[in-house]
Amino acid sequence: MTENSPLKPEKTYPSLQDTEQILTVKELAPDERPRERALKYGISSLSVAELLALILRTGLPNRPITTICRDLMRANDNLLTRLERRSLKELMMIPGLGSVKAQQIEAIMELVRRYVHEEIPRREQFTSSDVIAKYMRHVIGNADHEEIWALFLDRRNCLISKRRITSGTSTASLFDARPILKHALLENAESIVLCHNHPSGNKQPSMQDDNITRALGKAAATMGMRLLDHVIVTIEGHFSYSDNGRL
């Protein structure tokens, strides 16, 4: 090249900013959209940035929320521990994150902290009819009308949940086994305890009580579950079908 030759412009590599096409979420391929990917592959398939995008939902014109959340995580080395330390002001330095979305991120991190430190409450374990009666006495023992409750237990006879099945008159309650079995299946219960009260204070079961016990026991067995006990509760005491060999 001579001194008088015109200088040719130096060839440079194009920058990522020059070549990157900014897409909205709708323009992304279906497998790249957080919501569609979560539905197709499960929520665990999403990255942290995609999970945040799924929660925050909306971005700005020409700057979809997926891009905003990727920038946010890149600015924090893709670590939630770094993101947790950011103040509201620091979060808002990410283009596209206003005060509302920044507060949403703070709320997410606060939920994470509370989840990590949450203590799992001890679940009641029903080892005998006495324990069941004591547990239910303050629920139905002194009621002036008859109520039927079901307790749903795991394989260790620990309480998963309890549910009032019917609330009747002072002399009788209508009974249907179907909602009990439906709820037991939803709770993945291994066994069921049926409880009801006698407002009269009489602990002895009636013929109707016997029929209810037999019907539920048979129905539970067909579903691979067992009726562990049927306990009649009054304010002064209780009657257990199991203890009396009548299951």
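The buried residues of helix H2 pack against helix H3 (48–56) and helix H4 (65–74), where contact is taken to be heavy atoms within 4.5 Å. This is a predicted model, in which local features need pLDDT of at least 70 and side-chain atom pairs count only at pLDDT 80 or more, while totals for chains, interfaces and linings use all residues. Residues are numbered from 1 along each chain as its sequence is written, and side-chain values use heavy atoms, with hydrogens and water left out.

**Helix H2 and its surroundings**

Helices (H or I, at least four residues) and strands (E, at least two) are DSSP runs that are numbered from the N terminus. In helix H2, which covers residues 34–41, the buried residues are Pro 34, Arg 37 and Ala 38. Seen down the axis of H2, its buried residues fall within an arc of 100°, so they line one face of the helix; the arc is that of the directions from the helix axis to the C-beta atoms. Here buried means under 20% relative accessible area, exposed means over 50%, and partly exposed lies in between (1.4 Å probe, protein chains only). On the face of H2 turned away from the buried side, the exposed residues Leu 39 and Lys 40 are found. After H2 comes Gly 42, whose phi is positive, near 100°.

**Salt bridges**

A salt bridge is a side-chain nitrogen of Lys or Arg within 4 Å of a carboxyl oxygen of Asp or Glu, and a search of the whole structure finds 13 of them. The table gives some of these pairs.

| Pair | N to O distance |
|---|---|
| Glu 50 and Arg 37 | 2.7 Å |
| Arg 63 and Asp 71 | 2.5 Å |
| Glu 190 and Arg 155 | 3.4 Å |

The side chains of Glu 50 and Arg 37 meet in a salt bridge, and this pair links distant parts of the chain, with Glu 50 in helix H3 and Arg 37 in helix H2, 13 residues apart. Both Glu 50 and Arg 37 are buried. In the pair of Arg 63 and Asp 71, Arg 63 counts as buried at 19% relative accessibility, whereas Asp 71 is partly exposed, with a relative accessible area of 24%. Glu 190 forms a salt bridge with Arg 155, and this pair also links distant parts of the chain, since Glu 190 is in the loop between helix H9 (177–186) and S3, and Arg 155 is in the loop between S1 and S2, 35 residues apart. Glu 190 is partly exposed, with a relative accessible area of 33%, while Arg 155 counts as exposed at 67%.

In strand S1 (residues 147–153), 7 of the 7 residues are buried, so the strand is largely enclosed by the rest of the structure. Glu 147, Trp 149, Leu 151 and Leu 153 point one way from S1, and Ile 148, Ala 150 and Phe 152 point the other way. Two strands pair if DSSP finds at least two bridges between them. S1 pairs in the antiparallel sense with strand S2 (residues 159–167) over 7 bridges, and Ser 167 in S2 is the bridge partner of Glu 147. With strand S3 (residues 191–197), S1 pairs in the antiparallel sense over 6 bridges, and there Trp 149 stands opposite Cys 195.

The hairpin of S1 and S2 has 5 residues between the strands. In this loop lies Asn 157, which has a positive phi of about 65° although it is not a glycine, and which counts as buried at 17% relative accessibility. Asn 78, likewise not a glycine, has a positive phi of about 55°; it is placed in the loop between H4 and helix H5 (80–84) and is exposed, with a relative accessible area of 52%.

**A buried loop residue and the whole chain**

Thr 234 is found in the loop between strand S4 (226–233) and strand S5 (238–240), and it is buried, with a relative accessible area of 1%. Leaving aside neighbours within four places in sequence, the residues in contact with Thr 234 include Arg 137, His 198 and Lys 203.

The secondary structure of the protein chain comes to 10 helices and 5 strands, and of its 247 residues, 36% count as buried. Among contacts between residues at least 6 apart in sequence, 56% join residues at least 24 apart.
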